[in-house]
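Hi,

Here is the structure I promised to pass on.

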Amino acid sequence: MLPIHPGTALLLLDEKGQVFGSFGGDFIGLDLAAQIDTETITTYEHQGEAYVCTFMRSEVGPYTYAALTPRNLFWKQNYTIMAITVVGFMSAAVVGLIMTFLLLQHNYTPLKKTVQMLEEKKAGPGGLVTRGKSEYDVIRDHMLELYTRTDDMMNDFTRQRRHLVDRYLHDLLRNGNRHLADEDILESLHIDFGGMLLVPIAVFITNPRDNLLATKGSAKISSAFVIENVLNDLLENQYDPYKTEDDYTVTFLYALSEKEHAAFDTSIDAVLGRLCDFFRDHFNLILRCVVSDPVDHIDKLPGAYHDMNAAYVYQIASSEQSVLRVSQLSEKRIAGAMVVNDYAHLLVEAIAIRATADALKIVDEFFVELGQADDMFRVQRFNVFALTSALLNMRCDQACGLNTAMIDALLDDQNLAALKETFVRMILFMCQTEDEIRQEDSLSDKVKQAVNRQYADVNLSLTQIAREIKLSPKYVSKLFKIETGQGLLDYINAVRIQKAKERMLHHEEPIQKLAEAVGYSNAKTFRRAFRKIEGINPGQFRG
Amino acid sequence: MIKFSPGRLFKISRTRQRSVLRKWALSYLLILIIPIVCFVIVYFSTSQVIMREIISSNSVVLKTAQNTLDNRLHSAEQMATAIMIDERFRDVMLKTNSSQDIIEKQGELISLIYNYRTTSYAIDIFIYIHDIDYGLSTTTANRISLLHEALVHYKDSVIDLDSWRESLLMPTGTARYTVSNLHAYDEFGKAAIVYEKSLMPSLFGSCNSVSLFIALPIMDIARAADPSRHGAPASR
């Protein structure tokens with residue numbers, strides 16, 4: 001409660017409500033008859049000042065006591081409240097106005113400037129229509145229009161890009177003044193096969209409209225020119241466009257478009273062969289060339305590249321020759337690429353669940369199919385190598401144990417039976433590796449071994465075991481429970497009781513001694529544990 | 001005269017540019033209103049709290065004043081009764097029938113009411129005996145006419161004798177409070193709450209008709225309830 005204010009006046013009123021005595025102010029003669037009977041809070045105006053009146057009747061005489069407190073005086077005395085209120089009000093108003101101004105400045109100005117910019121850009125007939133639209137409407141309409149135009153432009157760009165490639169190839173074949181190692185075309189035709197970058201040096205496309213390959217000689221000239229350009233690049237030490245992931249290997253991809261270029265097809269082997277020799281002699285680079293099956297349109301190049309990739313893998317595996325034609329591999333092999341993948345998936349699953357027998361069964365089926373294909377051995381070996389490659393890609397963690405000697409062994413084999421034997425060894429190794437990894441990772445086995453070794457130790461504890469296998473006790477306890485479904489303490493007791501039972505069958509020794517022998521500090525604890533696990537007392541068991 | 005039509009209004013509003021500026025400004029200002037409204041609410045609630053506190057503190061003051069002042073008024077009533085039933089007073093009033101008897105006993109009576117005055121809050125005790133037109137105060141006793149002369153000379157009284165005598169007359173057996181400056185002798189002219197009481201017939205039978213005036217000074221009473229002197233109560 002607030003203290004009694006010094007400005008409060010005490011009045012004495014007679015029965016008519018007239019003030020006849022006052023203390024704290026001159027209120028004699030004041031008529032408060034109108035206020036005296038009101039029960040609510042009343043105010044009284046006197047000489048321009050408002051007073052809060054409170055009345056109380058005398059219980060003895062016909063008088064009424066009144067207290068008059070000037071409201072304004074009270075407020076002045078408590079000006080802190082008023083000051084805080086006013087200052088807070090003013091601050092809120094000022095800060096609010098500033099914030100409003102700043103927000104409008106920050107948000108509206110860019111909007112307005114954008115609209116102005118658009119208006120300036122689109123001044124004139126058919127310009128920006130802003131009447132009846134908000135700034136948002138104007139900008140949104142503009143952006144929609146822009147997006148539509150951009151979409152059209154992108155379509156145009158795609159068409160232009162295709163046209164550019166076509167024109168480029170036309171120039172390449174007709175004039176022979178550019179080669180495909182140029183960066184823009186490399187980017188256009190670049191295809192990345194799981195990190196193996198195949199660099200195209202020539203691509204031929206049949207275009208019926210342009211009839212680009214009307215003469216055979218143009219292709220020959222073009223090819224020679226391309227090779228010459230590549231050599232020039234390399235002579236100038238510009239290796240980068242030609243390098244693959246192997247720093248010492250440069251792989252060229254070569255696609256032909258039409259089969260009737262027989263003369264060119266024949267000559268290309270000799271040309272590329274010489275090129276390989278030249279690379280080896282001058283740059284110490286191993287050049288591998290893969291000549292693909294022909295494609296009749298640039299959109300079919302990825303399919304051709306798939307075959308080239310398979311051929312490339314085979315080429316790497318066989319290392320027999322620097323120049324390989326995809327057509328040298330049978331049509332069956334191309335279809336078999338999918339079969340290899342299917343077998344690879346099945347084998348990976350079998351290895352993952354340590355189903356060695358299943359894995360060997362799958363291998364048998366694979367080799368039976370290989371034998372039935374009646375391919376030449378080189379193609380068969382290619383497929384085996386492709387399957388190995390797929391396994392390496394899919395199960396690199398399990399296959400990491402494979403060493404290069406095992407893979408090289410595939411290359412040394414000279415018939416299908418030997419190849420199968422080597423491959424089976426490889427699969428068995430992968431399954432075994434899987435088992436070992438699982439066994440090695442089994443924490444519960446380590447814990448069990450530790451318990452079996454130290455069960456007789458009275459002080460055997462979780463902490464001791466955890467310290468031995470260099471893990472935290474909490475972690476060991478949790479993992480052991482997860483792996484075995486049994487608490488570590490329960491397991492220790494089970495082992496001790498088992499050992500005790502074994503001893504009881506072969507030795508006649510007192511319970512106390514038996515308890516100490518299996519790691520219990522006293523017979524009472526041993527009996528309790530025995531009864532808990534076996535359901536009977538040790539004596540009953542012995543009897 | 002342009003006739004109002006909704007179509008015209010619609011047309012105008014459609015062609016005008018709809019800027020978001022006005023909406024934004026309006027929304028920001030609406031947000032600005034929130035703290036202002038809060039402060040207004042706080043202001044008025046504070047005002048109401050202060051008003052309640054004023055009333056509460058005033059009530060305490062008034063309660064204190066009521067206790068103090070009612071106690072004094074009550075004590076005046078008690079003193080009047082005590083004087084009335086005082087044996088010495090009754091002896092004089094019952095056993096004497098002439099003014100001569102009262103004059104002989106007046107010293108004793110003056111001493112009596114003097115003693116009463118000194119032990120109370122009263123500033124003056126005055127007794128008017130109607131039958132013999134005689135007045136007694138705490139310092140003197142005499143006929144009313146002589147007392148009136150003394151008041152005229154020494155207290156600058158302007159009231160005439162008959163009016164004063166009439167104000168001193170009271171119906172038998174009544175008692176009341178008045179605010180007056182006439183019902184005293186020693187403190188004549190001072191505004192006071194006067195407790196007036198006439199002799200009760202049941203007590204005094206056919207004795208002299210007597211009026212007793214006990215004057216309590218208003219300023220002293222008001223001072224007794226001085227809020228600043230009492231200070232703030234400990235609790236509501």
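Let me start with chain B, which has nine helices and six strands; helices here are DSSP runs of H or I with at least four residues, strands are runs of E with at least two, and both are numbered from the N terminus. Chain B has 236 residues, and 30% of them count as buried. By buried I mean that 20 or more other C-beta atoms lie within 10 Å of the residue's own; 12 or fewer makes it exposed, anything in between is partly exposed, and the C-beta atoms are placed from the backbone. Of the chain B contacts with a separation of 6 or more, 64% join residues 24 or more positions apart. A contact means that the C-beta atoms of two residues, placed from the backbone, lie within 7 Å.

Before you zoom in, a word on what this is. It is a predicted model, in which local features need pLDDT of at least 70 and side-chain atom pairs count only at pLDDT 80 or more, while totals for chains, interfaces and linings use all residues. Residues are numbered from 1 along each chain as its sequence is written, and chains are lettered from A and ligands numbered from 1 in the order in which they are written.

Chain A has 21 helices and ten strands. Of its 543 residues, 28% are buried, and 59% of its contacts with a separation of 6 or more are between residues 24 or more positions apart. The average pLDDT of chain A is 70, with 58% of the residues scoring at least 70; pLDDT is the predictor's confidence in each residue, from 0 to 100. Over residues 172–200 of chain A it stays under 50, and the model has 67 contacts beyond four places in sequence for that stretch. Residues 331–338 of chain A are also below 50, with ten contacts beyond near neighbours in sequence. Where pLDDT is low, the predicted coordinates should not be read in detail.

Now the cores. A nonpolar core is a set of buried Ala, Val, Leu, Ile, Met, Phe, Trp, Tyr and Cys residues joined through C-beta atoms within 7 Å. The largest has 67 residues, and A:L11, A:A66 and B:I214 touch the most other members. Its top contributor is helix α2 (residues 20–85) of chain B, with eleven residues. Apart from that core lies another of 24 residues, including A:V384 and A:M426. Leaving out residues up to four places away in sequence, A:A66 touches A:L11, A:L13, A:L32, A:C53, A:T54 and A:F55.

Two helix pairs in chain A are worth a look. Helix α18 (residues 488–506) and helix α20 (residues 523–534) pack at about 95°, with their axes 10 Å apart. (Axes are lines fitted to C-alpha atoms, for helices over the stretch in contact, and angles run from 0 to 180 degrees between N-to-C directions.) That makes α18(A) roughly perpendicular to α20(A), a label for angles of 65 to 115 degrees. On the α18(A) side the contact uses A:N493, A:A494, A:I497 and A:A500, and on the α20(A) side A:A529, A:F530, A:I533 and A:E534.

The second pair is helix α15 (residues 443–454) and helix α17 (residues 473–484) of chain A, whose axes come within 9 Å and cross at roughly 105°. So α15(A) and α17(A) are roughly perpendicular to each other as well. Here A:L443, A:S444 and A:V447 of α15(A) meet A:V476, A:L479, A:F480, A:E483 and A:T484 of α17(A).

Finally, a few single residues:

- B:L32 is in helix α2 of chain B and is in contact with A:G96, A:L97 and A:T100, leaving aside its neighbours within four places in sequence. It counts as partly exposed because it has 17 C-beta neighbours inside 10 Å.
- B:D133 sits in the loop between β1 (124–129) and β2 (134–136) of chain B. Its phi is near 50°, a positive value in a residue other than glycine.
- A:I536 is in the loop between α20 and α21 (538–542) of chain A. With 12 C-beta neighbours inside 10 Å, A:I536 counts as exposed.

Cheers

Technical notes: Angles under 35 degrees count as roughly parallel, over 145 as roughly antiparallel, 65 to 115 as roughly perpendicular and the rest as oblique.
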